[in-house]
Amino acid sequence: MDTWLQYLIIGVALVLICLIVLKLSKRDFRIEANKLIGYLGGKDNIVSAESNMSRFKVILKDISLVDKDAIEKLGAKGIVEIDNQLKIIFGKEATQLKRYIDDII
């Protein structure tokens, strides 16, 4: 087999592997949003939600229904609780999560 053909086959294989790795590493924000809603006590517990840069702010009916540990495992870098309000730092993903949550609630 010619050397250039071997390099071509190796190159194509590497590109395919990279594409597969990228596809597997992408987060499915619909699933994440559904999990987050559950961790916030369900969609009936959410009064309002908004995002601002890296923060996701949500006002809840009953803050005691929130599972903060699960939210942190979901990728939250920090959670601030003020009365019936949570400010959750998700980084650049906050806006995408907010969009999907708006579709659900």
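1. In which strand is valine 58 found? The model is predicted, so to speak of local features a pLDDT of at least 70 is needed, side-chain atom pairs count only at pLDDT 80 or more, and totals for chains, interfaces and linings use all residues. Residues are numbered from 1 along each chain as its sequence is written, and side-chain values use heavy atoms, with hydrogens and water left out. Valine 58 is found in strand β2, residues 55-60 (strands are DSSP runs of E, at least two residues, and helices runs of H or I, at least four, numbered from the N terminus).

2. Valine 58 counts as buried because its relative accessibility is 1% (buried means under 20% relative accessible area, exposed over 50%, partly exposed in between, with a 1.4 Å probe and protein chains only). Leaving aside residues up to four places away in sequence, valine 58 touches Leu40, Ile46, Ser48, Ala49, Asn84, Gln85 and Leu86, where contact means heavy atoms within 4.5 Å. Leucine 86 lies 28 residues from valine 58 in sequence, yet the C-alpha to C-alpha separation is 5.4 Å.

3. Methionine 53, in the loop between β1 (46-52) and β2, has a positive phi near 55 degrees although the residue is not glycine, and methionine 53 counts as exposed because its relative accessible area is 69%. Aspartate 83, in the loop between β3 (78-82) and β4 (85-89), likewise has a positive phi near 55 degrees in a residue other than glycine, and aspartate 83 is exposed at 68% relative accessibility.

4. Tryptophan 4 is found in helix α1, residues 3-25, and counts as exposed because its relative accessibility is 57%.
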